[in-house]
Amino acid sequence: MFRKILIANRGEIALRVIRAAREMGVESVAVHSTADTDAMHVRMADESVCIGPPAGTDSYLSMSAILSACEITGAEAIHPGYGFLSENAAFVQAVEDHGIKFIGPSAEHIRMMGDKITAKETAKRLGIPCVPGSEGGVADLAAARQIGEDFGYPVIVKATAGGGGRGMKLAKSAAEIDTAFGSARSEAKAAFGNDEVYIEKYLGRPRHIEVQVFGDGKGNAVHLGERDCSLQRRHQKVFEEAPGPAIDAATRSEIGMICANAVAELGYEGAGTIEFLYEDGEFYFIEMNTRLQVEHPVTEAIMGVDLVREQIRVAAGLPMSFRQEDLQVNGHAIEVRINAEKLPNFAPCPGTISQYHAPGGLGVRMDSALYDGYRIPPYYDSLIAKLIVHGRDRPEALARLNRALGELIVDGIDTTVPLFSELLQANAVQTGDYTIHWLEGWLEKNLG
Ligand code: ADP
């Protein structure tokens, strides 16, 4: 086992990794920008190194600064968290070239899944069902129009290098394909420096279902069931649950085994998520994320495993501590993402926390780096906390979430907490009967 690892991240996910490391007797090194000197992850780690000025590009995204911090502290491995450098194949390569272990998959697997066209081709080859669409990239407008004709409208134009819902445009009919194609390309160029796009059939009322997989890098892999992340705003998840309300045990096992076998065949190492749209009983692959997801705690809750501990174990060359038959769904878990944002427009709202009180009690988990008097810097993502509840079944989890939200105090800034208290009253949320488009409509009606 490693003696010391470095966490190339900040906020709640840095804390999450420090906690797992400490329980394993592994020392942790925090890195931070000058804006995060007083951050919780710096206080909680065994050691810390300042790696640069506030801007992410000069600190948390600076490969050389992070590698230097490893050298200085003697850290043997790097956990990337999510976001920042977590899916950057060049970073993984640089880490390994320095004789440091990257806690996660190989550069090759990250590259394979980071390019969405290659990812889709790989998925198809491995027997994973995909959304019908163009074979590879779409070179020009004429080709885009042809695909619209062939597959029938509506279609969605998506960036090959996409992520975070950017570079994605809907064309409802032939009249809209020119604009959709053009603006997806320019948005992709601006966001990712790569204007290649591909086209998929647009699914009108799917759910977003994702399968958690885990591999040991030696050809063994398992699935840990699915999460339903259909409640989205602007293609961003806001409320996630496991198991999926629309997925029964036989369906879970079938799609789960397809995914587990696929990552086993790849020789994939560590945690990964295979994302699908799910409509009329059919799964359609959209992408694979080669890292720990924000919403991993709902899976941990129902499966009774520590995914970060497991990541560190397999990175150190140890076997996985569970087999497929050990993994059974126990109860129901829900996560809500609490952002420092002002409703109704979700405008980022950094500031100083005058009072913070985290909810507690049976089945309540709060993953957050907040504390009384903490000043949220304006430079980073607005996610400030994840509230995760676990109950024996879905109604109990919903009641527990409502109770926990009532106990939570985050004063001094605006947050998305009031949104969740209201959302819980909605019939679709109570019954679990929603698609990826439902939340946008509800927000329009209720926050207008
Ligand atoms: P990103 O990597 O930018 O998040 P994804 O491919 O994962 O992009 O898609 C994000 C979200 O966009 C999905 O969860 C879904 O809401 C929507 N989406 C993507 N592809 C389609 C499609 N073919 N039909 C309908 N909605 C889609």
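These are my notebook entries on one protein chain and a few of its residues.

**Ground rules.** I am looking at a predicted model, so I take local features at pLDDT of at least 70 and side-chain atom pairs at pLDDT 80 or more, while totals for chains, interfaces and linings use all residues. I count residues from 1 along each chain as its sequence is written, and side-chain values use heavy atoms, with hydrogens and water left out.

**Whole chain.** I found 15 helices and 20 strands; these are DSSP runs numbered from the N terminus, with helices being H or I of at least four residues and strands E of at least two. Along the principal axes, the C-alpha atoms fill a box of roughly 60 × 50 × 45 Å.

Next I checked burial: 57% of the 448 residues are buried. Buried means under 20% relative accessible area, exposed means over 50%, and partly exposed is in between (1.4 Å probe, protein chains only). For contacts (heavy atoms within 4.5 Å), I took those with a separation of 6 or more, and 65% of them join residues 24 or more positions apart.

**Helix α6.** Which residues of α6 are buried? In this helix, residues 116-125, I noted Lys116, Ile117, Ala119, Lys120, Thr122 and Ala123 as buried. An α-helix has 3.6 residues a turn, so residues three or four places apart point the same way. The cover over the buried residues of α6 includes α5, β6, β8, α9 and β13. At the N-terminal end, aspartate 115 is the cap, with a side-chain oxygen 3.2 Å from the backbone nitrogen of isoleucine 117. After α6 comes glycine 127, with a positive phi near 85°.

**Lysine 158.** This one sits in strand β6. Is lysine 158 buried or exposed? I have it as buried, because its relative accessible area is 7%. Its side chain makes a polar contact of 3.1 Å with the side chain of glutamate 200. A polar contact is a pair of N or O atoms within 3.5 Å; within protein, one must be able to donate a hydrogen and the other to accept it, and residues adjacent in sequence count only if both atoms are side-chain atoms. Beyond four places in sequence, lysine 158 also touches other residues, including Gly167, Met168, Tyr198 and Ile286.

**Alanine 301.** I placed alanine 301 in helix α10, residues 296-303. Alanine 301 counts as partly exposed because its relative accessible area is 22%. Leaving out residues up to four places away, alanine 301 touches Asn330, Ala333 and His390.

The peptide bond from alanine 242 to proline 243 is cis, with omega near -5°, and proline 243 lies in the loop between β11 and α9. I found another cis bond from leucine 343 to proline 344, with omega near 5°.

Phenylalanine 84 has a positive phi near 40° without being glycine, and at 30% relative accessibility phenylalanine 84 is partly exposed. Arginine 234 also has a positive phi, near 50°, and arginine 234 is exposed at 59%.
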